[in-house]
Amino acid sequence: MTELDRVIHEPARLLIVALLAGVREADFLWLLRESKLSKGNLSNHLAKLADAGYVDVEKTYKGKIPLTILKLTKEGKGAFERYKKTINGVLTRTSG
Amino acid sequence: MEPLDLNDIARRPSRYWNLDGLPELMLGLLWMVWGSAWLFGPTLPHAWRNAYWLIVPAALAALTLAMNRLTRSLKERITFPRAGYVAWKEPGRRMSMLIGAVIVGVAALLAIVVLNAAEQPIEQRAPAVLSVILGLAVLAVGVKQRTPRHIALGGVLLVLALAIGNITAGWAAFNWMLVAAGVVCAMMGGIRLALFLRAHPRPTEQM
């Protein structure tokens, strides 16, 4: 059986990675709005993705307001592309 | 959690660009300025016209080039603090070349159609062709982003293009169409902006 990347395969993390794959970078607020996850849930999944080296988390300030900028790393982009290929392969085999 | 549609997720960043109505508002204002400027020129006293036509086309070109940056800076003040910050991907080399090829192709087509229109004067044919291009561009945006309002506006512009091709008013009709389309577009943008501001109050703390 083809091995799926367990870090990305979890639906919430797949959503986060897919959203970040469509932009150069985004902040926590945008991801929160688009993913419709709770703050705590999103933070947990982001921490797991950051630990795997898939997401770059940059904590910065805009004036006095803290701002978290998120970006998919090169490894993250590669892992997402591999995941899409793998899952497409699995779907093709099961439907054919 | 609902099953994920990766194609739909990939479209979300471009939908986010239009969420606040600012791009439509700015585009509408730009069309209004363009149409009004060309309509206003011929009404000026003869002594002022040379200076007007020396300054205005350059100013319009500069305004058009600055429009994207202007929209972005408005988004930084209005949209990002309310609904989140996004840096959109720059088009890749392949996409840039494709866009360039389409622009060159459209310009070549425009030149061929205008120059070969023996039965109609250039003043009558060129505005109609430009109207068709404008209508198709709006239609393409609507189809790509799946926004019925853009599809409707593109359709109206195409119908007006046919009308413009059959009347002798030519450029004046085209400029009036730009002003009218600009008003419609700016109104759509204004309404969307008002709805966006109502739905997204400015948060007191950022994350």
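Predicted model: local features only at pLDDT ≥ 70, side-chain atom pairs only at ≥ 80, totals over all residues.
Reader: How far apart are their axes, and which way do the helices cross?

Author: The axes are 8 Å apart. Helix 2 of chain A passes helix 1 of chain B in a right-handed crossing.

Reader: Which residues meet there?

Author: Helix 2 of chain A brings L15(A), A18(A) and L19(A). Helix 1 of chain B brings L6(B), I9(B) and R12(B).

Reader: How many residues does the contact take from each chain?

Author: Chain A gives 22 residues and chain B gives 16 residues. On the side of chain A, the elements that give two or more residues are helix 2, strand 1, helix 3 and strand 3. Helix 2 of chain A has the largest share, 6 residues.

Reader: What makes the length of helix 4 of chain A close to the expected one?

Author: Helix 4 covers residues 39-51 of chain A, 13 residues in total. From its first C-alpha to its last it reaches 18 Å. The expected value, at 1.5 Å a residue, is 18 Å.

Reader: How do you know which residues of helix 4 of chain A are buried?

Author: Buried takes 20 or more other C-beta atoms within 10 Å. L42(A), H45(A), L46(A) and L49(A) are buried. Seen down the axis of helix 4, the buried residues fall within an arc of 105°, so they line one face of the helix. They pack against helix 1, helix 2, helix 3, strand 2 and strand 3 of chain A.

Reader: What is on the other side of helix 4 of chain A?

Author: G40(A), A47(A) and D51(A) are there, and they are exposed.

Reader: What follows helix 4 of chain A?

Author: G53(A) does, and its phi is positive, near 80°.

Reader: Why is R6(A) called exposed?

Author: R6(A) lies in helix 1 of chain A. Count the other C-beta atoms within 10 Å: there are 9. Exposed means 12 or fewer, so R6(A) is exposed.

Reader: How far is R6(A) from K64(A)?

Author: In sequence, R6(A) and K64(A) are 58 residues apart. In space, they are 38 Å apart, C-alpha to C-alpha.

Note on methods
Residues numbered from 1 in each chain as written. Chains lettered and ligands numbered in written order. Helix = DSSP H or I, 4+ residues; strand = E, 2+ residues; numbered from the N terminus. Expected span 1.5 Å × (residues − 1). Arc of directions from axis to C-beta. Contact = placed C-beta atoms within 7 Å. Axes fitted to C-alpha atoms, helices over the stretch in contact; angles between N-to-C directions. Left-handed = near helix turned anticlockwise from the far one by under 90°.
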